[in-house]
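Subject: A structure to look through

Dear colleague,

I am passing on a structure that I would like you to look through with care, and below it you will find what turned up. Please keep the picture open while you read.

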Amino acid sequence: MSVTSSDLRWCSDGLEIKCDSGQTVTATFAKDCCDREVMAWRAWEGKGLPGEPVREMLIEAVERRFGAVEAVPAGHRLEFLSDNGGAYIAADTRALARSLGLQPINTPVCSPQSNGMAESFVNTFKRDYVARMDLRDAQTVLAQLPAAFEHFNEVHPHSSLKMRSPREFRRQQAAQVCREP
């Protein structure tokens, strides 16, 4: 579900990475549905998606996009779309999202395709990054994730962005705004 400009709708989901050692790394991310940038993410060893990493990630995403204001500017409507996982529907997560100026919305139950952009990112990330990682153990995987997310944001081309990376798209959008009279 793309939108016409940045910071109108963000999406999120979780993903698990199986290690050769039998360990699992779980990650979550916040992604803009227009420019496709992953603004914030969290990862840890273990299964399951607890609420605390999701809440930390939301705070970081808002700070990255809106600065030290620590909240979406008043009057700006920004949806935060996720599935119905416990970490996303938790009262603490929803309350924090609202306090940050986000409008939490969830996909209909049994309809993960309603969060298609997040689901698509999970598939892309696993295909283009995880499949090329050294999966020996959780520590090794966790050490590779920062570079993978950074590469996705800075280099990975997107057909919906006319084969630009998310940050290249954002830089060009910002340059156009500066040039307009």
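Two strands are said to pair if DSSP finds at least two bridges between them, and helices (H or I, at least four residues) and strands (E, at least two) are themselves DSSP runs, numbered from the N terminus. This is a predicted model, in which local features need pLDDT of at least 70 and side-chain atom pairs count only at pLDDT 80 or more, while totals for chains, interfaces and linings use all residues. Residues are numbered from 1 along each chain as its sequence is written, and side-chain values use heavy atoms, with hydrogens and water left out.

Let us begin with the sheet. It is an open sheet of five strands with mixed pairing, and the order of the strands is E3-E2-E1-E4-E5. Strands E3 and E5 stand at the edges, each with a single partner strand, so one side of each has no neighbour in the sheet. Neighbouring strands are turned by 20° against each other on average, direction ignored; for this and the other angles below, axes are lines fitted to C-alpha atoms, for helices over the stretch in contact, and angles run from 0 to 180 degrees between N-to-C directions.

Is E2 mostly covered or mostly uncovered? It is mostly covered, since nine of its nine residues are buried, where buried means under 20% relative accessible area, exposed means over 50%, and partly exposed lies in between (1.4 Å probe, protein chains only). Thr24, Thr26, Thr28, Ala30 and Asp32 point one way from E2, whereas Val25, Ala27, Phe29 and Lys31 point the other way, and all are buried.

On one side, E2 runs antiparallel to strand E1 (residues 9-18), and nine bridges join the two; Cys11, for instance, has Lys31 of E2 as its bridge partner. E1 and E2 form a hairpin with five residues between them, and Gly22 in the turn has a positive phi of about 95°. E2 also pairs with strand E3 (residues 38-45), in the antiparallel sense and over seven bridges, and there Phe29 stands opposite Trp41 in E3. E2 and E3 likewise form a hairpin with five residues between them, with Arg36 in the turn having a positive phi of about 70°.

Elsewhere in the sheet, E4 and E5 pair in the parallel sense over five bridges, and the bridge partner of Leu81 in E5 is Ile105. Helix H4 packs on the sheet, where H4 touches E1, E2 and E3, and its direction makes about 35° with that of E1; contact here and below means heavy atoms within 4.5 Å. Helix H5 also packs on the sheet and touches E1, E2 and E3, with a direction that makes about 170° with that of E3.

How do these two helices meet, and which residues make the contact? H4 (residues 116-128) and H5 (residues 138-154) pack at an angle of about 120°, with their axes 12 Å apart. The contact is made by Phe121, Thr124 and Phe125 of H4 and by Leu145, Ala148, Phe149 and Phe152 of H5.

Next comes helix H3 (residues 91-99), in which Thr93, Leu96 and Ala97 are buried. These residues cover an arc of only 100° around the axis, which puts them on the same side of H3; the arc is that of the directions from the helix axis to the C-beta atoms. Ala91 and Ser99, on the other side of H3, are exposed. What covers the buried residues of H3 includes helix H1 (51-66), helix H2 (86-89) and strand E5 (102-106).

Gly101 follows H3 and has a positive phi, near 90°; Gly101 lies in the loop between H3 and E5, and at 28% relative accessibility it counts as partly exposed. His76, in the loop between H1 and strand E4 (78-82), is partly exposed as well, with a relative accessible area of 29%. Not counting residues up to four places away in sequence, His76 touches Asp7, Phe66 and Gly101, while Gly101 touches Val72, His76 and Leu78.

With best wishes
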